[in-house]
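Visitor: I would like to learn how to read a model of this kind, one feature at a time. Could we take a single residue as a starting point and then widen the view?

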Amino acid sequence: MESVKAGNLRMWPAIVHAKCPRCRAGKIFTNPAYGFKGQKILKECPHCGLVYEREPGYFYAAMYVGYAFIVAELVTLAVGTYILTGSENPWVYLCIMLTVVALLAPLNFRYSRVLLLHWLTPGLRYHPELSGNNGKSGG
Ligand SMILES: [Zn+2]
């Protein structure tokens, strides 16, 4: 295991690796994004004890974040397909978009929740003092 020093964990690696927004050390999901078991959010951070579901129905808001992701992906795919193939056949676009969006669905699910926790939740911010190896016993 790598040792975690307090106060030196940066935001982007924490988001990419789906870590807790408060300590940036504990994981949010029980499984990796691509797997046969599906993704489950832990009830609380195993490092600092932050309860992830801030209030009942909290993760419904992640649907809006996921919606924004999908719109951005579809627009990018449509423009990219047009530039690369120049096709005017709607079936080409439909097949490419459905395939790619289905393949990206686990990432959309994961990162809509991670961004909701990291950026869109008022009052939830990084506490460097909780990043250390003694997160739970430190305070
Ligand atoms: Zn934590």
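Visitor: In which element is the place of Ala68?

Guide: This is a predicted model, and in it Ala68 has its place in helix 2.

Visitor: What is helix 2 like as a whole, in length and in cover?

Guide: One way to read a helix is to set its end-to-end reach beside the expected span. Helix 2 has 24 residues, and from its first C-alpha to its last it reaches 34 Å, close to the 34 Å expected at 1.5 Å a residue. Helix 2 is also hardly covered, since the count of buried residues among its 24 residues is one. Just after helix 2 comes Gly86, which takes a positive phi of about 65 degrees.

Visitor: How many helices and strands does the protein chain have, and why is it described as more spread out than a compact globule?

Guide: The protein chain has three helices and zero strands, which gives the pattern α-α-α when read along the sequence. Its radius of gyration is 18 Å, well over the 14 Å that the globule rule gives for 139 residues, and so the protein chain is more spread out than a compact globule. Along its principal axes the C-alpha trace spans about 60 × 35 × 30 Å, and 20% of the 139 residues count as buried.

Visitor: Which residues have the most contacts inside the largest nonpolar core?

Guide: In soluble globular proteins, nonpolar side chains tend to be buried together. Here the largest nonpolar core has 14 residues, and those with the most contacts inside it are Cys20, Cys23, Ile28, Cys45, Cys48, Leu50 and Leu117. Helix 3 (residues 90-119) gives the most to this core, with four residues. Leaving aside neighbours within four places in sequence, Leu50 is in contact with Cys20, Arg22, Glu44 and Cys45.

Visitor: What can be read from the loop between helix 1 and helix 2, where Leu42 is found?

Guide: Leu42, found in the loop between helix 1 and helix 2, is partly exposed, with 16 other C-beta atoms within 10 Å. Not counting residues up to four places away in sequence, Leu42 touches Lys27, Ile28, Thr30 and Tyr52. Arg24, which also lies in this loop, counts as buried, with 26 C-beta neighbours inside 10 Å.

Visitor: What is the value of phi for Ala18 and for Arg24?

Guide: For Ala18, phi is near 55 degrees, a positive value in a residue other than glycine. For Arg24, phi is near 60 degrees, again a positive value in a residue other than glycine. Ala18 is found in the loop between helix 1 and helix 2 and is partly exposed, with 19 other C-beta atoms within 10 Å.

Visitor: Which element has the lowest mean pLDDT, and which the highest?

Guide: The pLDDT is the predictor's own confidence in each residue. Among the elements, helix 1 (residues 11-16) has the lowest mean pLDDT (94) and helix 2 (residues 62-85) the highest (96). The protein chain averages a pLDDT of 89, and 91% of the residues score at least 70.

Terms used
Residues numbered from 1 in each chain as written. Predicted model: local features only at pLDDT ≥ 70, side-chain atom pairs only at ≥ 80, totals over all residues. Helix = DSSP H or I, 4+ residues; strand = E, 2+ residues; numbered from the N terminus. Rg over C-alpha atoms; globule rule 2.2 N^0.38 Å. Buried ≥ 20, exposed ≤ 12 C-beta atoms within 10 Å, placed from the backbone. Core = buried A, V, L, I, M, F, W, Y, C linked by C-beta atoms within 7 Å. Contact = placed C-beta atoms within 7 Å. pLDDT = per-residue confidence, 0-100. Expected span 1.5 Å × (residues − 1).
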